[in-house]
Amino acid sequence: MLWLLFFLVTAIRADLCQPDAENAFKVRLSIRTALGDKAYAWDTNEEYLFKAMVAFSMRKVPNRETTEISHVLLCNVTQRVSFWFVVTDPSRNHTLPAVEVQSAIRMNRNRINNAFFLNDQTLEFLRIPSTLAPPTDPSVPIWIIIFGVIFCIVLVATMLLILSGIQQHRRKNKGPSEMEDIEDKCENVITIENGIPCDPLDMKGGHINDAFVTEDERLTPL
Amino acid sequence: MGRSLGTPEALAAEVAATGVGQGRAGAGPGSGRARGWRGLLPTNQLHWFSFKSQESTLAGQQAGDFLLRRRLRAVAGMAGTPGPDPPADGGGEARPAWDSKLQYLLSCVGFAVGLGNLWRFPYLCQTYGGGAFLIPYVVALAFEGIPLFHIELAVGQRLRRGSVGVWTAISPYLGGVGLGCFTVSFLVSLYYNTVLTWVLWYLLNSFQHPLPWSACPLDLNRTGLEQECRDSSPVSYFWYRRTLNVSADISDGGPVQWRLLLCLAVSWAVVYLCVIRGIETTGKAIYFTALFPYLVLTAFLVRGLTLPGAMQGLTYLFTPDLRVLQNPRVWLDAATQIFFSLSLAFGGHIAFASYNPPRNNCRRDAVSIALVNSMTSLYASVAVFSVLGFKAASDHGQCLDRNILHLINAFDLPEQSVSRDTYTAALVRLNASQPAQVAGLPLEACRLEDFLDKSASGTGLAFIVFTEAVLHMPGAPVWAVLFFAMLFSLGLSSMFGNMESIITPLLDLGVMPRRVPKEVLTGLACLLCFLMATCFTLRSGSYWLEIFDQYAAALNLILLAFFEVIGVVYVYGMKRFCDDVAWMTGRRPGFYWRATWKVVSPLLLLTIFVAYIALLASSPPHYKAWNPRYERFPSRQEKPYPGWVLAACALLSFLPTLWVPVVALGQLLARCREKTRDPPQDGRPKPRGGRAC
């Protein structure tokens, strides 16, 4: 009689946790992808921890504070590492509604992930979408900072160039007027161009170039 | 010491020997440096010059060279050149000149080497049979690129004016060519700087890790990723949504994007900073902007060649497929690529060459700059292909990984039991045992060639494909910063040429009074361009940019180049031009030059023009819109242009070239009116230089 009861209970419990059963969720872990060499093997102890984490999440739900580890059933563990789980009520005859389990897991997803050194992508609860972490935006977008820097540099450089241009312009306006006075006076300026002194071109000596003797000189009036 | 100042050559030698123009302080930028690169007067003005100086020798022993200097000033002041006023550089000073030949060469190289070398040439190589594309490319370079380039440099150097002045000097009827070049340069600088704005935006966003285009943003209830991003890709999403915020239709203008407007302002501010005093400032900036891209390309080449998959990319993309040479499209694309790559018919090279001393070997310059430009294209494509090969290999690997994950999850196989190498064997085995289940899996076909074939050109290459490739490289933000800084300096050095081709004619025409400094003119030009370019920061801005790129630039430049060649060879006269070139370079142009100038280049240009028109007419003009509501999203939706946009396209295509007949007709009418009003008297010296009238 007792044996019969035992079989009945296990059979019922086995029925509760089946692939695609009502209120059952499939979990998939990718431990080697996440941890590489430091990957641990998935054994019954890890399963126990998993059941504990699920029970912990359920206990945070109002009206479900009495969930025990034994209420969480795992089945169909594969080599992939994937399995199905259900959470039963204290009577162990019914499974808890999927919505409750979903919300509980979502609330504590971070703690569950951390217990296994995994993240949302390597510890997947199929059919339970996770709330994705918002990207950490700095208060001032970085591009505005760089933009400000470049803009200030360009502005300062432009101002400097304009100011130096104005100064050069003023100096030029004073300059040429002085130069013209000097040239008009035809001073005794010995210029050196290309390393050759221009003395031969200086007209102070008053040489008479015979090549330019004109006919007029022969006809000097008396 | 008998000075026979009879011939122009002797006079030029005399002028060079006395170093006229050197002694005047503040005569122009860089004065006082005896380097032989001071402005000498153009030879057509030396006719006046020799006449005046013969007067002085006959008068006897007058004072030495300071009188010569005075005469020069007088002649410069009244220089009766045909066409517009004497070189107006502010205060009757000598024309500005390059500090050194290197500056001039770098400026021309910087102008020629632009964004197209990086994102158009590799695409063409890839699409048209790899190495086989080099054959039509070299043919086009030899028969079209180098001859046209030589003409531009020679004409600018000889006549020492910007594009408007040069063509008016050759013949008053051809003045429209210069105005057409000026207009095209103006239109191009508007949209070219907008591309630089986009580059700047990406550059500003590259200073963070992780890069903003590496992941999709979350949707509103934070359960998943934003849908538009999830359907396409994070990189496309960042480009179309975060950068352009593109609308789904060209008629849907939308508000001005303030982020792009800020970047546009900075872009134009940088351009103004560099061109503020003409070649005096661009000459300094060009040392950085022309040489920096080569450094970065080398860095990318070295890094790219060490990445896995690079060699496969290079071999696949460079393997020649000679059958493509039968396709006439290849030859057309090679010819247009050479044409636009060398930035011909903009007037920028004419402007640069006009600041040279007259006796400069422009033939050698033309050949060397054109070769440098082509070598840069090749170098850039090797660097680009190695990175693209790496990207294709990485994408292929990820495709395989996704398939493996599907298999493992479906059949609950242990993790990492199927590797990339054993994937096909495992698939076959599973298909044999459970075909129904395998058929239900969403497996993709992963072939490396498919990934290598994914080609992109233009903005697609730079902002989508390459940015994605950079994501996978270790140290991604560094490479992103380097890449976009390189693009910015490539574009900036081309902008210098564009702005010079706008500013030099304005200066030569004397648009502003003499006492207004050059800084004001460049400032006004930049401000005007900035205000007009704000239309590209609208949500439909990128569609308009494509229109400008296709219609405003392409056809007009080809036509203007055709008129340039015809004008120089047939109106100015081949013999006179060859004489000028011989005077400048010391050797008469040989048969190759004369044949290409007279026959081959004009014919080629005409063929390209006709083929281009045929191509545009063959299909109704359409554009590809980014529409998230399109059923085949993320493919782009092909839409026809609305009527008013087509009218704008037509206007852009023909307006710049319209200057040519308009000016020619105007000159004809003016001459006829002059002739009827004032019959010419004998002996009266014509104020114009007696050119073709």
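Predicted model: local features only at pLDDT ≥ 70, side-chain atom pairs only at ≥ 80, totals over all residues.

Analyst: Cys17(A) and Cys75(A) are both buried, and a disulfide joins the two, with an S to S distance of 1.9 Å. Their link is left-handed, with -85° about the S-S bond. Cys17(A) sits in the loop between α1 (2-16) and β1 (25-29) of chain A, while Cys75(A) is in strand β2 (residues 72-75), so the pair ties together parts that are 58 residues apart in sequence.

Now over to chain B. Here Cys216(B) is joined to Cys229(B) by a disulfide, S to S 1.8 Å. The torsion about that S-S bond is about -85°, so this disulfide is left-handed. Cys216(B) lies in the loop between α9 (175-204) and α10 (227-231) and Cys229(B) in helix α10, so the bond ties together parts 13 residues apart in sequence. Cys216(B) is buried at a relative accessible area of 15%, and Cys229(B) is buried at 1%.

Another chain B disulfide runs from Cys399(B) to Cys446(B), S to S 1.8 Å. With -80° about the S-S bond, it's left-handed. This pair links distant parts of the chain, 47 residues apart: Cys399(B) is in helix α17 (residues 362-411), and Cys446(B) is in the loop between α19 (435-439) and α20 (448-453). Cys399(B) counts as buried at 1% relative accessibility, as does Cys446(B) at 18%.

Over all chains, that makes three disulfides. Number the bonded cysteines of chain B in sequence order and the pairing reads 1-2, 3-4. Cys108(B), though, is in no disulfide: its nearest cysteine sulfur, that of Cys362(B), is 11 Å away.

Methods. Residues numbered from 1 in each chain as written. Chains lettered and ligands numbered in written order. Heavy atoms only, no water. Disulfide = S-S within 2.5 Å. Helix = DSSP H or I, 4+ residues; strand = E, 2+ residues; numbered from the N terminus. Buried < 20%, exposed > 50% of the residue type's maximum accessible area, 1.4 Å probe, protein only.
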